[in-house]
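Me: I have a model open and would like to talk it through with you. Could you take my questions one at a time?

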Amino acid sequence: MASEVTATAANVIRRAGKEMHGIVVSAGLMDKTVKVKLGGLRWEPRVQKFFKKPRFKLVHDPCNSVRQGDVVAITSTWRVAQHVRHVVKHIIAPYGEPIDTRPPIPTLEERIAEKAAKRAAKDERRAAIKAEQARARAEERAAKEARKASRASGGKPVQPTPATTIDDVD
């Protein structure tokens, strides 16, 4: 389990993109998701000038610890939802409530361990469901065989023969 978590962490770090900084423009409207405004410029060739063109990203906030107006560092991660592909790495400059009073932002290792634990629980639930389905199929198959044997004997219920032992044979 621990080696699996470290291997996953190594893969995520290797694939991780650059760290981006932005301002939280919307927080608290979605659970564990905030909208972050990233800076950007667009060149307008007709006037030979750059204009501001911000980009907006939906970012995963695992503990709902970011508030509107915070300056945060975000990084890419595995897809959490259809449009959420980034996660808050840390708060650079808090706005309003101090960082000490907010829930801490989990590290990459903590997020990977939590994901592995959720996956293990899901696999366990699936195994239990498959075992239950297999048991139900076996019972259904046994009932079907009993009905088939009953029909073959002319409608009379078939009595199971008692198992013979060596004492019975002598």
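This is a predicted model: local features need pLDDT of at least 70, side-chain atom pairs count only at pLDDT 80 or more; totals for chains, interfaces and linings use all residues.

Me: Which order do the elements run in?

Reply: From the N terminus on they run α-β-β-β-β-β-β-β-α-α, which gives three helices and seven strands; helices (H or I, at least four residues) and strands (E, at least two) are DSSP runs, numbered from the N terminus.

Me: Which residues make up the largest nonpolar core?

Reply: It has twelve residues, namely Met-20, Val-24, Val-34, Val-36, Leu-38, Val-59, Val-66, Val-72, Ile-74, Val-88, Ile-91 and Ile-105; a nonpolar core is a set of buried Ala, Val, Leu, Ile, Met, Phe, Trp, Tyr and Cys residues joined through side-chain atoms within 4.5 Å. At least two residues of this core come from each of β1 (20–30), β2 (33–38), β6 (71–76) and β7 (84–93), and the largest share, three residues, is that of β2.

Me: What does Leu-38 touch?

Reply: Leaving aside residues up to four places away in sequence, Leu-38 touches Met-20, His-21, Gly-22, Pro-54, Arg-55, Lys-57 and Ile-74, a contact being heavy atoms within 4.5 Å.

Me: Switching to the strands, how many bridges join β2 to β5?

Reply: Six bridges join β2 to β5 (residues 55–60), and the two run antiparallel; strands pair if DSSP finds at least two bridges between them. Lys-37 has Phe-56 in β5 as its bridge partner. β5 is also joined to β7 by three bridges, in a parallel arrangement, with Leu-58 opposite Val-84 in β7.

Me: Is Phe-56 buried or partly exposed?

Reply: Phe-56 counts as partly exposed because its relative accessible area is 44%. Among the residues that Phe-56 touches are Val-25 and Val-36, and Lys-35 lies over the face of its ring, at 5.1 Å from the ring centre. A charge sits over a ring if NZ of Lys or CZ of Arg is within 6 Å of the ring centre and within 35 degrees of the ring normal.

Me: Which other ring has the charged end of a Lys over it?

Reply: That is Trp-78, where the charged end of Lys-115 sits 4.1 Å from the ring centre.

Me: And what is the geometry of the Trp-43 and Phe-50 pair?

Reply: The count comes to one aromatic pair, with rings of Phe, Tyr and Trp (its six-membered ring) pairing if their centres lie within 6.5 Å, and planes under 30 degrees apart counting as stacked, over 60 as edge-to-face and the rest as tilted. Trp-43 and Phe-50 are edge-to-face, at 4.8 Å centre to centre with 65° between the planes.

Me: Where does Gln-48 sit?

Reply: Gln-48 is in the hairpin of β3 and β4, which has four residues between the strands, and takes a positive phi near 55°.

Definitions and conventions. Residues are numbered from 1 along each chain as its sequence is written. Side-chain values use heavy atoms; hydrogens and water are left out. Buried means under 20% relative accessible area, exposed over 50%, partly exposed in between (1.4 Å probe, protein chains only).
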